[in-house]
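Please read the following report alongside the sequence and the coordinates.

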Amino acid sequence: MQSNLNPDPFRTTNALLGMLLQTANSSFVPQFDQPYAPWQGPDTLIIWIQSLIYASLCASLLAALGAVLGKQWLSNFKRSGRGTIDDRGRHRQMKLDGLRTWHFDSVLGFLPSLLQISLLLFGIALSASMWTVSPTIAIIIITSTTLGFTFYLTIVLASLMAADCPFQTPGSINLRALGRSVLRYYPSLQKHRRNFSKACLSFMLYIPFKIVDTLNTISQRLTPSVSIAQQTDAPCIRWIIESSSDPDIITTAASFVPEVEWPPELEISTLLLQLFDTFLSCFESIHHEQLMLVPPRRERAIACGKAFLHLYMERMSFLNSENSPFPVAFCEKDIRKLIWVHHSDHEISFICYLVFEVVLEGDSPTRLYQPNIPDTFLCWMSHPLLHRLNDSRYSSFWRDRALDAITRILVNPLPPKNVLANCFMAGRMLLDQSTGRDAILKVTKSSTAALDILLEHITKQESREQSTIVLRLLEPLGVVLELEEYRQIAKHRRVAEWGFEVCKTFVRTAGQNQDAQDAIWNDTRTD
C-alpha cells in the first residue's frame, strides 16, 4: 500500500516556508523555484497501481472467507441426523442432490481461482510500482511473474489437450465444459454449416435461456411439491447402481426400480447402460455367438431386465427415438442376440423378447409374435402398460396384450390397490380416453378415483368398437365390484341401471341383420 493517494503535507509546508523566507530576506535566501500550487490529485499510474493492489487484497480476503465457509459447509454435509437408516439415507441423498443442484463443487473450485487472480494482480502492481523506483528490481519481479503466468497457462493448455493430464485446474475444467456445451448445442460450428457471426449470435441468445432455465430449476428446488422420499429414492438407487461394481448390490438396487417414482428430468443414460450390461453379463456365448443363461444368475437377469424395461419404456413414452436415453446403435448387435437366447425359461424369454421389441422398434414397431405376459410379471407390467398405451406409436400393438393382462390380474385374490389403479387407468386408455403424464408417472395411485373415472367412461362409450372392449372388461370388473368400497362407486355411477339397458339392447338386436343392429345401438347410445 502507498500513501501517495493523498496530498503530501510536507511538500505544501516546504513551499509556503520557502516563500516566507524569500519574502523576508531575498538576498539571504536563494531563489526558490517551487511555487505553491493546489494539489490536483494523484497521477494516473498511481491510481492504477493502487487499484490493482486493493483488488488483490479483496480477492485474497474473499478466498480466505470462502475457505472458512467451505469447511463449515462440508462439516454440515458430513453431519448425520437422527432417525431410522432409511430416513438418514434419504436425508443424506437430499444433501448430495443439493450439492449438484447448487453447483457446490464449482463454488469451491472458484476459491483457488481467486487466489491465483490475487497473485497475478499483486505481481502486476508490484512490478509497475517498482519500475518507478528501480527498473532493475522491477525487471526481476516482472520476470518472476511472467514465468509463473506462463507455467499456469501451460498446464491449462496441457489439461485441455489431454483429459488424462494430472495438472487439472478449475480453469481447464470449465473451459472443457464450455467447449463441450458449444459443440453439443451447436454442431453446425463443427460442420461449418453457418458463418461465425450467426453462430456467435445464436450462442449469445442461448445464454438468457440457460439463465431462465437455471432460475426455474432453483425455484422448483425451493418450493418442492413432493415428499423427501419421492425426491431422493430415485437418485439414491441411481447412485448405487452407477457407482457399484458388485453384481449383487446392483441386483438388489435394481429390484427397487419399479417401486419408486422417476422424475422425467432425472438423467438415466448411465443407469440404463449399467443395467443392460449387468443383464447381458448373466448370459454366456455358446456356438455361433448364441447366448445361454447362466442358471445361478437367473434372479440377477430378471431384476436388471425388469428395471431396464421399466425405465426405458417409461422414458420413451414421452420422447422420440432420436432422443433415446440409451445408446441403441452402440448396443444393437448385443440386443439382436437376445432374440435367439437358448433357454426354456418363459420369464427370461419374455424379458429378452421385450428388450428386443421396445428398444429396436423405433417409430414403426414390428412384431414377430406377441408372447403372453408371465403370471409372475403381471403386477409389474401393469405400470409399463400405461406408458405403451399412452403412446400413439405403440398403443395399437399393445391393446390385446393390455386386455389379456387386465383379465388375468383382476381375479381373486385381488392384487394391491396400486396395481388395481393401473388396471383401471389402462381400461380407460383402451376406451381412447387421454391421461395426463403426471398421473401415469405416479407409482402410488388411488384405485377408487381411477375406478370412478373408468366407470364414467364405460357408461358413455361412443362406438361399437368401444362397446366390444367394455364387454371384455365387464367380467374382471365384476370381481372388483364385489368389494364394498368399490360397490359404492358403482352405485353412484348407476352401473346396474346401465347394465340392465345393455342387456335389453342385446335382446333387441338378437336375430337382426347388421344394419338393424347398428341402428339399435345408435338409438341406445343417444338415449
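## Overall composition

What percentage of the 527 residues in the protein do buried residues make up? The model is a predicted one, and in it buried residues account for 37% of the 527 residues. The secondary structure comprises 23 helices and 2 strands. When contacts between residues at least 6 apart in sequence are considered, 68% of them join residues that are at least 24 apart.

Helix α4 covers residues 104–131, and its 28 residues reach 42 Å from the first C-alpha to the last, which is close to the 40 Å expected at 1.5 Å a residue. The buried residues of α4 include F104, L111, L114, L121 and M130, and among them are also the glycines G109 and G123, the serines S113, S118, S127 and S129, and A125.

Helix α19, made up of residues 447–458, has 12 residues and spans 16 Å between its first and last C-alpha atoms, close to the 16 Å expected at 1.5 Å a residue.

## Packing of α12 with α14

Two packed helices are described by the angle between their axes and the distance between the axes. For helix α12 (residues 298–316) and helix α14 (residues 346–360), the angle is about 30 degrees and the axes lie 10 Å apart. Because angles under 35 degrees count as roughly parallel, α12 and α14 are roughly parallel to each other, and their crossing is left-handed.

On the α12 side, the contact is made by R298, A301, I302, G305, K306, F308, L309, Y312 and M313, while α14 contributes E347, I348, I351, L354, V355, V358 and V359. By class, the residues of this contact of α12 with α14 divide into 12 nonpolar, 1 polar and 3 charged.

## Packing of α11 with α13

Helix α11 (residues 269–280) and helix α13 (residues 328–338) have axes that come within 12 Å and cross at roughly 45 degrees. The pair α11 and α13 is therefore oblique, and the crossing of these two helices is left-handed.

The residues that form the contact are L273, F276, F279 and L280 from α11, together with C331, D334, I335 and L338 from α13. The contact of α11 with α13 has 7 nonpolar residues, no polar residues and 1 charged residue.

## Two partly exposed helix residues

E242 belongs to helix α9, residues 228–243, and its relative accessibility of 32% places E242 in the partly exposed class. Once residues up to four places away in sequence are set aside, E242 touches T270, L271 and Q274. The C-alpha atoms of E242 and L272 are separated by 9.2 Å, although the two residues stand 30 apart along the chain.

L99 is located in helix α3, residues 85–101, and with a relative accessible area of 24% L99 is partly exposed. Leaving out neighbours within four places in sequence, L99 is in contact with F77 and F104. In the case of F77, which is 22 residues from L99 along the chain, the two C-alpha atoms are 9.2 Å apart, whereas F104 is one of the buried residues of α4.

## Backbone features in loops

Which two residues does a cis peptide bond join? The bond in question links N412 and P413, with omega at about -10 degrees, and P413 lies in the loop between α16 (395–409) and α17 (417–430).

D432, in the loop between α17 and α18 (437–441), has phi near 65 degrees, a positive value in a residue other than glycine. With 52% relative accessibility, D432 counts as exposed. R494 likewise has a positive phi, near 55 degrees, and is a residue other than glycine. R494 sits in the loop between α21 (484–492) and α22 (495–509), where its relative accessible area of 51% makes R494 exposed.

Methods: Residues numbered from 1 in each chain as written. Predicted model: local features only at pLDDT ≥ 70, side-chain atom pairs only at ≥ 80, totals over all residues. Heavy atoms only, no water. Axes fitted to C-alpha atoms, helices over the stretch in contact; angles between N-to-C directions. Helix = DSSP H or I, 4+ residues; strand = E, 2+ residues; numbered from the N terminus. Parallel < 35°, antiparallel > 145°, perpendicular 65-115°, else oblique. Left-handed = near helix turned anticlockwise from the far one by under 90°. Contact = heavy atoms within 4.5 Å. Nonpolar A, V, L, I, M, F, W, Y, C, P; charged D, E, K, R; others polar. Expected span 1.5 Å × (residues − 1). Buried < 20%, exposed > 50% of the residue type's maximum accessible area, 1.4 Å probe, protein only.
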